Amino acid sequence: MKTFRIVPQIYEFSTFQEFAQAFSLGEKDLIVTQRFTYDPFIKNLHLPCPVIFQEDYGKEEPTDLMVNRIVQALRDVDYQRVVAVGGGTVIDICKLLAQQRFDDVEEIFAAPEKSRRDKPLLAVPTTCGTGSEVTRSAIIHSTARQTKVRMAYDQFFATAAVLIPQLLTTLPYAPFAFSAIDALVHGVESYLSPNATTFSQIFSLQAVELLVRSFRHVADHGPDSRQEVLADVQKASNYAGIAFGNAGCGAVHALSFPLSGRYHVSHGESNYQFFTSVLEMYVRKDPSGRMGTLCHRLGELLDCPPQNAIEQLAALLEKIWHKKTLREFGMKEEEIVEFAQEVYRDLQPVLATSYLPLSEEELMEINQTLY
């Protein structure tokens, strides 16, 4: 019985230059990145690699239109390795670019299980949340469907995951906060998942501990103090990615999909909206078992009784970033019901790895509470 796996080889370097030398980056290596990363860390190395800047092809999270524009730009470029240097947007796009060439991403949407990777993918995260460098998931927003298409297949695993904390030093505070909270969601949901094993839980809990300690440091010393915990937060994101790649996530992620898909809320912020409310419902329904164990550990990390752990976690995260109401994103009152129905109808594979089954009415109640 298979219980756990880590597919990409994982590397750590102090600087991008060390990585470039170790992997002998050259003219057949396509670098996909963003200028705010390229200019301070890569430009002065004068690498012979062709470079694509993701922001030239679309803003925010990855869409079918963005991918298709990049594919067209690469029609005459001969590359043999893909080097993804960025956050989840860049890495997820590169998971597709490492597949056999296609003309329209709809070809992959239609039959993702038939796609085949024919180029090595080196994933170098510049944020600290998605864990995409170690998962087999690629999530692309379909403008036609007005929702995100989640594909989870082995061909979307990176060949190597490369951790370079230096690349996080220019990350603005907002994406730092959202991505780190996203990593915490991954750690917690994978720990609670019915598919969790004793192996995956080691990574889940280590991620949660590193992140809660880092959040407390930033809450006590201010946003600029995040520079002192970047290495821990990046490692925690990686651990959480390994954990949820094995055990899955749950209701928090499911509830976030309609909000982020329709109102273009970043994945991390969208998860944050639902995170502690879902945990509160779990506690209300079944405070014992794995949820009780988690509350006990969170209580130790937050210096509070287990019964106050979720409340104190919410208070800590509020110090990191203020949580809006759903209406502040533009969500309409009728979508309280509509989104719950959509989640319950279309996202059962994600809901299946929730700590407890949640009914359509309970999903609606969470939306109502947060509206």
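## A first look at this predicted model

Lys59 sits in the loop that connects strand S3 (51–53) with helix H3 (64–73). Helices (H or I, at least four residues) and strands (E, at least two) are DSSP runs, numbered from the N terminus. This is a predicted model, in which local features need pLDDT of at least 70 and side-chain atom pairs count only at pLDDT 80 or more, while totals for chains, interfaces and linings use all residues. Residues are numbered from 1 along each chain as its sequence is written, and side-chain values use heavy atoms, with hydrogens and water left out.

**Starting at Lys59**

- Lys59 counts as exposed because its relative accessibility is 61%; the label exposed means over 50% relative accessible area, buried means under 20%, and partly exposed lies in between (1.4 Å probe, protein chains only).
- Although Lys59 and Thr89 are 30 residues apart in sequence, their C-alpha atoms are 9.6 Å apart in space.

**The sheet**

- Six strands make up an open sheet with parallel pairing, in the order S1-S8-S5-S4-S2-S3; two strands pair if DSSP finds at least two bridges between them.
- Strand S1 (9–12) and S3 are at the edges with a single partner strand each, so one side of each has no neighbour in the sheet.
- From one strand to the next, the twist averages 20 degrees.
- Inside the sheet, strand S5 (residues 121–125) and strand S8 (residues 160–163) run parallel and are joined by two bridges.
- Look for Ala123, which stands opposite Ala161 in S8.
- Helix H8 (residues 230–247) lies across S1, S5 and S8, and runs at about 175 degrees to S1. For this angle, axes are lines fitted to C-alpha atoms, for helices over the stretch in contact (heavy atoms within 4.5 Å), and angles run from 0 to 180 degrees between N-to-C directions.

**Charged pairs**

- Side chains of opposite charge can pair when their charged atoms come close.
- A salt bridge here is a side-chain nitrogen of Lys or Arg within 4 Å of a carboxyl oxygen of Asp or Glu, and the count by this rule is 19 salt bridges.
- One of them joins the side chains of Asp29 and Arg81, at 2.6 Å from N to O. Asp29 belongs to strand S2 (residues 29–33) and Arg81 to strand S4 (residues 81–86), so this pair ties together parts that are 52 residues apart in sequence.
- Asp29 counts as buried at 5% relative accessibility, and Arg81 counts as buried at 19%.
- Asp103 and Arg75 also meet through their side chains in a salt bridge (3.5 Å, N to O). Asp103 is in the loop between helix H4 (88–97) and helix H5 (106–110), and Arg75 is in the loop between H3 and S4, so the pair ties together parts 28 residues apart in sequence.
- Another salt bridge links the side chains of Asp346 and Arg345 (3.0 Å, N to O); Asp346 is partly exposed at 44%, whereas Arg345 counts as exposed at 57%.
- Arg262, Glu335, Glu338 and Glu342 are linked in a network of salt bridges.

**Nonpolar cores**

- A nonpolar core is a set of buried Ala, Val, Leu, Ile, Met, Phe, Trp, Tyr and Cys residues joined through side-chain atoms within 4.5 Å.
- The largest nonpolar core has 72 residues, of which Leu184 and Tyr282 touch the most other members. Helix H6 (residues 173–192) supplies the largest share of this core, 11 residues.
- Neighbours within four places in sequence aside, Leu184 is in contact with residues including Val208, Phe215, Phe275 and Leu317.
- A second, separate core has 31 residues, among them Met66, Leu74, Leu96 and Leu97.
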